[in-house]
Amino acid sequence: LSDAQARINALPLIHRNLNQMEDQTKVDLEPLLRELVGQIVDAQRVDRSRIAITVDVASVLVTGEIAVPIALFTVETLSNVFHHAFHGERSGCAVSVRLESREAGYALVIEDNGAGYVAGSVKPGIGDRLMKVFGRQVGGTVAADSKRERGTHVELIFTLPGETNPRLPAAPGMESKAVSLS
């Protein structure tokens, strides 16, 4: 039930972020993802004393049509992390959410140092299918890599409509702010 609630809560969060922008056709991913990650952590009742959560997202403006699938991808991926990665009382657990500028676009990277899995040993579930659907909705691709007891690394790689190279160093609004939510 908390997964469904997190998905539902993502939509009004996007709406509120749209309303806070001067150009109400764009959403800034930095505050959106930072607040969304905090909501998911709270909804999943994550023990922040045991699991360190870091969000390092640059300020990037996207349309609502891009923001919604990115937010839902984040919800689905983090829900999977908190359900499967950290069993027992293990300490030193960490989750990282980053938005990276790449040669061919952007990568939303979500990774953990949890249980991981051996490729082929886990049957893809509805969460995996949903993540791929959200990736397609932004014209992107989803890649995942996992190693048993070394965690899982998931990427949503995408470009923004009309951008030819997002790695322009002088691009306004590309300041990155790493913040620990622990």
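**Overall picture**

Tutor: The protein's accessible surface comes to about 9,500 Å², and 55% of that belongs to carbon and sulfur atoms. Accessible areas here are from the Shrake-Rupley method with a 1.4 Å probe, and for residues only the protein chains shown count as cover.

Student: Where does the model come from, and how are things counted?

Tutor: It's a predicted model: local features need pLDDT of at least 70, side-chain atom pairs count only at pLDDT 80 or more, and totals for chains, interfaces and linings use all residues. Residues are numbered from 1 along each chain as its sequence is written, and side-chain values use heavy atoms, with hydrogens and water left out.

Student: How many helices and strands are there in the protein?

Tutor: The protein has 4 helices and 8 strands. Helices (H or I, at least four residues) and strands (E, at least two) are DSSP runs, numbered from the N terminus. Along the sequence the pattern reads α-β-α-β-β-α-β-β-α-β-β-β.

Student: What share of the residues counts as buried?

Tutor: 44% of the 182 residues. Buried means under 20% relative accessible area, exposed means over 50%, and partly exposed is in between (1.4 Å probe, protein chains only).

Student: And what about contacts between residues at least 6 apart in sequence?

Tutor: Of those, 75% join residues at least 24 apart. Contact means heavy atoms within 4.5 Å.

Student: OK, strands. What does β4 pair with?

Tutor: Strand β2 (residues 51-58) runs parallel to strand β4 (residues 93-102), joined by 6 bridges. Ile53, for instance, stands opposite Val95 in β4. β4 also pairs with strand β5 (residues 105-112), in the antiparallel sense, over 8 bridges. Two strands count as paired if DSSP finds at least two bridges between them.

Student: What joins β4 to β5?

Tutor: A hairpin, through 2 residues. Glu100 has Ala107 in β5 as its bridge partner.

Student: Which way does β5 run against β7, parallel or antiparallel?

Tutor: Antiparallel, with 6 bridges between β5 and β7. Ala107 turns up again here, standing opposite Ile157 in β7.

Student: Why is β7 described as largely enclosed?

Tutor: Because 6 of the 8 residues of strand β7 (residues 151-158) are buried, the rest of the structure largely encloses it.

Student: Switching to helices. How do α3 and α4 pack?

Tutor: Their axes are 9 Å apart, at an angle of about 160 degrees, with helix α4 covering residues 126-137. Axes are lines fitted to C-alpha atoms, for helices over the stretch in contact, and angles run from 0 to 180 degrees between N-to-C directions. So α3 and α4 are roughly antiparallel to each other. For that wording, angles under 35 degrees count as roughly parallel, over 145 as roughly antiparallel, 65 to 115 as roughly perpendicular and the rest as oblique.

Student: Which hand is the crossing?

Tutor: α3 passes α4 in a left-handed crossing. A crossing is left-handed if the near helix is turned anticlockwise from the far one by less than a right angle, and right-handed if clockwise.

Student: Which residues meet there?

Tutor: From α3, Pro69, Leu72, Phe73, Glu76, Thr77 and Asn80; from α4, Gly127, Leu130, Met131, Phe134 and Gln137. Leu72 sits in helix α3 (residues 64-84) and is buried, with a relative accessible area of 14%. Its C-alpha atom is 8.1 Å from that of Met131, 59 residues apart along the chain.

Student: And how do α2 and α3 pack?

Tutor: At an angle of about 30 degrees, with their axes 10 Å apart. That crossing is right-handed. Leu33, Leu36 and Val37 are among the α2 residues making the contact, and Ile70, Thr74 and Leu78 are among those of α3.

Student: Is Thr74 buried or exposed?

Tutor: Thr74 is buried, with a relative accessible area of 0%. Leaving aside neighbours within four places in sequence, Thr74 is in contact with Leu33, Leu36, Val37, Ile40, Leu108 and Ile110.

Student: Last one: where is Arg45?

Tutor: Arg45 is in the loop between α2 (29-43) and β2. Arg45 counts as exposed, at 76% relative accessibility. Its phi is near 55 degrees, a positive value in a residue other than glycine.
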